[in-house]
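User: Please walk me through this structure feature by feature. Give me the general idea first, then the case.

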Amino acid sequence: MHRQVLSWATVVLGISCGATWAQKSATESIEEYRAMLADGNPADLFEAKGEALWKEKRGPKRASLEQCNLGKGPGVVKGAFVELPRYFDDVGRVQDLESRLVQCMATLQGFDAAEISRTPFGRGEMANVTALATWVAAESKGLAFNLPQGHTQEKVAYEVGKRLFFQRGGTHDFSCASCHGEDGKRIRLQDLPNLTKNPGDGIGFAAWPAYRVSNGQMWSMQLRLNDCYRQQRFPFPAFGSDALSALSVYLGVNAKGAKSAAPTIKR
Amino acid sequence: MADPMRIRAQMSGANATVRVLMSHEMETGQRKDASGKVIPAWHITEVTATLNGKPVLSAEWGPAVSKNPFLQFNVKGAKAGDKVAVTWKDNKGDTRTDEATVS
């Protein structure tokens with residue numbers, strides 16, 4: 001009898017040790033798996049596609065995007081990504097990268113901006129916008145985020161973005177802050193960055209556009225934000241809306257100084 | 001016309017490490033679309049690689065390979081400046097060849 005108790009104790013001890021060991025090992029394995037994936041990131045394919053699209057004469061006006069002003073002057077791509085969203089004089093509002101690209105496609109190439117904005121992600125011209133965004137982001141890889149906050153509209157966008165970030169709603173009474181408002185949170189094996197402050201280089205706002213391995217899709221920032229809204233069981237703002245730009249301004253300004261790693265690869 | 005591949009070939013010791021990223025849907029033929037119809041299989045069936053025109057790898061692929069596949073292999077006895085060419089063929093008869101120089 002005595003011996004049986006002893007052997008049970010050994011078994012229990014064995015299980016608890018095993019579990020601790022397995023947990024650590026799983027996290028390490030995931031890290032290893034991610035490092036392996038990062039070498040040969042299919043985002044490269046979208047990047048190459050985006051670069052070709054930028055230079056190609058397309059659309060009703062048979063023009064390229066090489067005169068597109070992303071904020072640093074016509075045709076300046078390098079460094080533009082880490083200063084977006086920003087206020088644009090010609091449209092009189094704050095635009096993020098994707099809205100700006102659609103704007104350029106409309107004014108320079110003659111595409112119908114409203115029609116592109118209605119197109120679901122991954123289809124038709126919207127897939128091209130994502131590829132262009134991937135290339136533009138890649139051109140600023142390693143640069144530090146430094147969103148301008150000089151214009152009143154940019155300051156307003158930050159405040160609006162902050163309120164949207166903390167706004168609770170939907171069937172689960174979730175806000176962005178429910179998951180991204182504290183340090184050290186995670187969903188299953190996904191670490192959740194605290195986006196109310198600078199989460200560090202290449203994390204959060206500095207990591208998108210990214211290639212999603214699980215569904216083989218290239219995801220832009222707007223699609224990423226929409227997915228957060230989807231998980232909140234909340235209707236997501238329309239493509240190119242001021243709400244999404246404002247949210248991006250909030251995240252981008254908070255990430256000031258963080259080095260961009262986009263395009264990255266995600267689970 | 002299929003999108004280009006990305007091929008990197010780098011010397012490591014006496015071997016060249018070749019890393020290839022292919023752009024392909026790799027549809028398995030097992031999935032159904034929103035209206036319940038089966039999406040026809042569309043995937044790479046054959047991959048070949050050559051070093052200066054001499055075959056060094058041939059592989060038969062099926063629907064189990066992921067979308068936008070990544071392939072890495074080592075080539076013995078390669079030198080810097082050698083040309084590595086990779087070709088894939090899919091079940092619709094489409095094909096694509098791209099080349100890179102070993103560095």
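User: Where is the place of Asn52(B)?

Analyst: Start with how elements are assigned. Helices (H or I, at least four residues) and strands (E, at least two) are DSSP runs, numbered from the N terminus. Asn52(B) sits in the loop that links β3 (44-51) to β4 (54-60) of chain B. Its phi is positive, about 50 degrees, although Asn52(B) is not a glycine. This is a predicted model: local features need pLDDT of at least 70, side-chain atom pairs count only at pLDDT 80 or more, and totals for chains, interfaces and linings use all residues. Residues are numbered from 1 along each chain as its sequence is written, while chains are lettered from A and ligands numbered from 1 in the order in which they are written.

User: Why does Arg62(A) count as exposed?

Analyst: Count C-beta atoms, placed from the backbone. A residue is buried with 20 or more others within 10 Å of its own, exposed with 12 or fewer, and partly exposed in between. Arg62(A) is exposed because it has 10 C-beta neighbours inside 10 Å. Arg62(A) also has a positive phi of about 50 degrees, and it is not a glycine either. Its loop runs between α2 and β1 (86-88) of chain A. Now compare Asn52(B): it has 13 other C-beta atoms within 10 Å, so it is partly exposed.

User: What does Ala52(A) count as, buried or partly exposed?

Analyst: Partly exposed, because Ala52(A) has 14 C-beta neighbours inside 10 Å. Ala52(A) belongs to helix α2 (residues 43-55) of chain A.

User: At what angle do the axes of α2(A) and α5(A) cross?

Analyst: Axes are lines fitted to C-alpha atoms, for helices over the stretch in contact, and angles run from 0 to 180 degrees between N-to-C directions. The α2(A) and α5(A) axes cross at roughly 100 degrees and come within 7 Å. That makes the pair roughly perpendicular. The scheme is: under 35 degrees roughly parallel, over 145 roughly antiparallel, 65 to 115 roughly perpendicular, the rest oblique.

User: Which residues in α2(A) meet α5(A)?

Analyst: A contact needs C-beta atoms, placed from the backbone, within 7 Å. On the α2(A) side, the residues include Phe46(A), Leu53(A) and Trp54(A). Their α5(A) partners include Leu132(A), Trp135(A) and Ala138(A). The contact divides into 8 nonpolar, 3 polar and 3 charged residues. Nonpolar covers Ala, Val, Leu, Ile, Met, Phe, Trp, Tyr, Cys and Pro; charged covers Asp, Glu, Lys and Arg; the others, Gly among them, are polar.

User: How many residues of α5(A) are buried?

Analyst: 13 of the 15, so mostly covered by the cut-off of 20 or more neighbours within 10 Å. Helix α5 spans residues 124-138 of chain A. From first C-alpha to last, α5 reaches 22 Å, close to the expected 21 Å. The expected span is 1.5 Å times one less than the number of residues.

User: How does α3(A) pass α5(A), right-handed or left-handed?

Analyst: A crossing is left-handed if the near helix is turned anticlockwise from the far one by less than a right angle, and right-handed if clockwise. α3(A) makes a right-handed crossing with α5(A). Helix α3 covers residues 97-107 of chain A, and its axis comes within 10 Å of the α5(A) axis, crossing at roughly 115 degrees. Leu97(A), Glu98(A), Leu101(A) and Val102(A) face Val129(A), Leu132(A), Ala133(A) and Val136(A).

User: Where is a peptide bond cis?

Analyst: Look at omega. One case runs from Trp208(A) to Pro209(A), with omega near 10 degrees. Pro209(A) lies in the loop between β4 (190-192) and β5 (210-212) of chain A. Another cis bond joins Ala262(A) and Pro263(A), with omega about -5 degrees. Pro263(A) is in the loop between α9 (242-254) and β7 (264-266) of chain A.

User: How many helices and strands has chain B?

Analyst: Chain B has 0 helices and 7 strands. Chain A comes to 9 helices and 7 strands. The C-alpha atoms of chain B fill a box of roughly 55 × 20 × 20 Å along the principal axes. Buried residues make up 26% of its 103 residues. In chain A, they make up 37% of 267.

User: How many residues of chain B are in contact with chain A?

Analyst: 10 residues of chain B touch 7 residues of chain A. The chain B side divides into 3 nonpolar, 3 polar and 4 charged.

Note on methods. Two residues are in contact if their C-beta atoms, placed from the backbone, lie within 7 Å.
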